[in-house]
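Open the model in a viewer and keep the sequence panel beside it. The stops below go from selection to selection.

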Amino acid sequence: MKLYRSGVAAALLAGAIALTACSSDKKDTATTPPPAGDGGSTSNSSSSAPGGACVSGSLKAEGSTAQTNAIQQWIKDFKTQCSGADIAYNPTGSGAGVKQFNGNQVDFAGSDSALNPTKGEVAAAAKRCGGPALDLPMVTGPIALAFKLKGVTDLTLKPDVIAQIFMGKITKWDDPAIKALNSGANLPSSNITVFFRSDESGTTENFEKYLAAVAPSDFTAAPSKTWAGKGQGKAKSQGVQQAIGSTEGSIGYLEWSFAGSAGLSMAKVDNGGGAVALDADSAGKAVSAATVTGTGDDLTLKLDYATKTPGAYPIILVTYEIACAKYSDAAKGSLVKSFLTYTSGPGQASLKDLGYAPLPTDIDAKVQASVAKIS
């Protein structure tokens with residue numbers, strides 16, 4: 001646990017919200033990325049990247065806040081070996097990242113959900129790329145149910161109770177349904193304050209997919225990046241993290257890396273196979289049951305949120321890098337390929353220390369094979 005905390009803390013302190021692999025004296029351009037074609041020159045380099053050949057040049061990316069700590073560390077490590085590479089990542093949320101990628105404003109996007117064909121995202125991405133875009137799973141990001149409750153650090157919740165809390169049907173901490181699951185806890189009679197993501201978020205969509213799968217009678221909305229339940233909205237993962245940490249009697253959903261770095265208490269989840277605490281192993285056990293539903297080199301995954309496998313933590317997301325299979329600027333494609341070769345290869349080793357779980361070996365092998373074809 002000490003190693004996990006120190007790793008997350010180091011990642012959070014390493015930079016501001018706009019994350020770049022360039023030195024601190026360079027101007028920060030990640031907040032409003034220019035068109036992807038304006039990122040500067042790109043050229044092959046003879047030096048060796050961690051996991052592949054280095055390519056010099058610049059890239060701009062945007063999207064998922066869930067992968068912030070991972071991609072910050074990846075950029076730093078990649079830059080150590082490939083000093084000619086300049087990569088800026090702006091964590092504005094999955095929805096914004098997809099829009100920026102499809103609008104040709106960034107070179108790749110981070111998203112906690114694969115491109116949605118029913119919303120026109122797949123077609124828009126194909127138009128932007130001039131051919132297929134790829135959903136490449138890169139990080140397993142468990143979603144924590146973080147809470148702050150005086151005198152209570154060990155809390156177990158079941159799917160129906162979780163859904164009823166977040167839909168505003170259970171409003172007191174000493175509700176009989178919560179007490180029945182936590183007989184030894186000193187639960188107060190105070191109100192429950194629920195916090196949710198106010199921005200369009202893949203974390204929200206994955207949490208809603210979980211609720212829809214395990215508690216369909218309590219959560220009846222169609223899962224989307226916009227929260228359909230009750231509570232108070234806070235912008236981005238940092239906003240939810242700060243709100244829970246400063247509000248007695250609160251609960252909210254956010255990525256494990258953010259909950260852990262703030263030292264927040266996290267509920268155990270009992271999907272029917274026993275109460276499971278969140279850690280890298282329990283999250284990895286859940287994602288290992290995922291199946292690939294994408295075709296060709298697209299690796300969209302279907303997660304089993306309703307799993308009752310003992311020891312599997314079920315509220316998870318897989319965050320994707322969305323990239324073109326073939327870039328109109330071949331030099332850009334070479335740099336995207338070089339960076340993603342690192343993230344899907346040696347970069348996986350650092351994830352546990354940052355509050356994530358690495359991809360299962362079989363899925364990671366497929367990701368590496370798809371990345372190898374990017375041009």
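Start by selecting Cys-54, which is buried at a relative accessible area of 2%; buried means under 20% relative accessible area, exposed over 50% and partly exposed in between, with a 1.4 Å probe and protein chains only. This is a predicted model, in which local features need pLDDT of at least 70 and side-chain atom pairs count only at pLDDT 80 or more, while totals for chains, interfaces and linings use all residues. Residues are numbered from 1 along each chain as its sequence is written, and side-chain values use heavy atoms, with hydrogens and water left out.

The sulfur atoms of Cys-54 and Cys-82 are 1.9 Å apart and form a disulfide, defined as a pair of cysteine sulfur atoms within 2.5 Å. The pair links distant parts of the chain, 28 residues apart: Cys-54 is in strand β3 (52-63), and Cys-82 is in the loop between α2 (68-81) and β4 (85-90). Helices (H or I, at least four residues) and strands (E, at least two) are DSSP runs, numbered from the N terminus. The link of Cys-54 and Cys-82 is left-handed, with -75° about the S-S bond. Cys-82 is also buried, at 2% relative accessibility.

Next, select Cys-129 and Cys-324, a disulfide with its sulfur atoms 2.1 Å apart. Cys-129 sits in helix α4 (121-129) and Cys-324 in strand β16 (316-324), so the pair ties together parts 195 residues apart in sequence. This link of Cys-129 and Cys-324 is left-handed too, at -80°. Cys-129 is buried at 9%, and Cys-324 is buried at 1%.

Move to helix α12 (361-371). Which residues of α12 are buried? They are Ile-363, Asp-364, Val-367, Ser-370 and Val-371. These cover an arc of only 120° around the axis, which puts them on the same side of α12; the arc is that of the directions from the helix axis to the C-beta atoms. To see what covers them, show β6 (133-148), α10 (280-287), β15 (301-302) and α11 (330-344), which are included in the cover.

Finish at strand β8 (193-197), where 5 of 5 residues are buried. Thr-193, Phe-195 and Arg-197 lie on one side, Val-194 and Phe-196 on the other. β8 pairs in the parallel sense with β10 (250-255) over 3 bridges; two strands pair if DSSP finds at least two bridges between them. Thr-193 has Ser-250 as its bridge partner in β10.

Notes:
Contact means heavy atoms within 4.5 Å.
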